[in-house]
Amino acid sequence: MAKQMSMTILLVVVLTAVAAVVKVTEAATYVVGDSSGWIVPMNNPTFYTTWTSGKSFSVGDVLVFNFMSNVHDVATVSRADYDACAVDNTLTRETTGPYNYTINSTGTHYIICTVANGGHCLGGQKLSISVGNSTSGTSPASSPTGSSTPSGSPTSPTPTGSPTSPSDSPSSTETPAGSSSASSLAATLPLVFMTIALAFFY
């Protein structure tokens, strides 16, 4: 009887640990620029740099770019093209908004708006994010896996009319990023092994 109870307790603990790990590894969704969306940030060229600060991006996360189709675009570029706002060698380019950019690799991802021959980028409509354990500006750009959201069902409201200037300290509207899945798994495994060991002694 005691053996059956030990096995039941073990099963409950293992299932709880697995559920905790699965919950933590869910991808986060970030709305780029929060309520301002993907715009040329008037009088605030560091708006998107400020927006990324304090955020932890992981593979599988989704960046939602809310913009009006053919008014802005989302282009991935190399670091050199990001720094120079060069538009001739884009890796990918999406012109239909809103656009969901799914992060599929670690490293630094460089994203710009190519409208007005790079004028929007020069005005601050550019985003650089570090994914995983890399540091900004040290890894090569990587190709995203993106999918446009159908126009009838955007993830977040599509901006309408003329966008307004974003504030200096934007609010954050992302799902909880939590800690990385690897550190959560590492924290959970000792508990699982200890429970298995205890089950054998009782």
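This is a predicted model: local features need pLDDT of at least 70, side-chain atom pairs count only at pLDDT 80 or more; totals for chains, interfaces and linings use all residues.
Local features need pLDDT of at least 70 and side-chain atom pairs count only at pLDDT 80 or more, while totals for chains, interfaces and linings use all residues. Residues are numbered from 1 along each chain as its sequence is written, and side-chain values use heavy atoms, with hydrogens and water left out.

**Sheet.** Helices (H or I, at least four residues) and strands (E, at least two) are DSSP runs numbered from the N terminus. Two strands pair if DSSP finds at least two bridges between them. An open sheet is formed by 4 strands, ordered S4-S3-S6-S7, with antiparallel pairing. Strand S4 (92-94) and strand S7 (126-131) are the edge strands, each pairing on one side only. Strand S3 (residues 74-77) is joined to S4 by 3 bridges; Ala75 has Arg93 in S4 as its bridge partner.

**Cores.** A nonpolar core is a set of buried Ala, Val, Leu, Ile, Met, Phe, Trp, Tyr and Cys residues joined through side-chain atoms within 4.5 Å. Buried means under 20% relative accessible area, exposed over 50%, and partly exposed in between, with a 1.4 Å probe and protein chains only. The largest nonpolar core has 21 residues, of which Val32, Trp38, Phe57, Leu63, Phe65, Ile111 and Leu127 touch the most other members. Two or more residues each come from helix H2 (47-52), strand S2 (62-65), strand S5 (99-102) and S7. A second, separate core of 8 residues includes Ala75, Tyr82, Cys85 and Tyr110.

**Cysteines.** With a disulfide defined as a pair of cysteine sulfur atoms within 2.5 Å, the count comes to 1. Cys85 is joined to Cys121, with an S to S distance of 2.1 Å. The torsion about this S-S bond is about -70 degrees, so the disulfide is left-handed. Cys85 lies in the loop between helix H3 (79-84) and S4, and Cys121 in helix H4, so the pair ties together parts 36 residues apart in sequence. Both Cys85 and Cys121 are buried. Cys113 is in no disulfide; the nearest cysteine sulfur, that of Cys121, is 8.2 Å away.

| Residue | Relative accessible area | Class |
|---|---|---|
| Lys55 | 16% | buried |
| Cys113 | 0% | buried |
| Ala116 | 56% | exposed |

Lys55 is in the loop between H2 and S2, and a polar atom of the Lys55 side chain lies 2.6 Å from the backbone oxygen of Trp51. Ala116 is in the loop between strand S6 (107-112) and helix H4 (119-122). Ala116 and Val71 are 45 residues apart in sequence and 9.7 Å apart in space, C-alpha to C-alpha.

Conventions:
A polar contact is a pair of N or O atoms within 3.5 Å; within protein, one must be able to donate a hydrogen and the other to accept it, and residues adjacent in sequence count only if both atoms are side-chain atoms.
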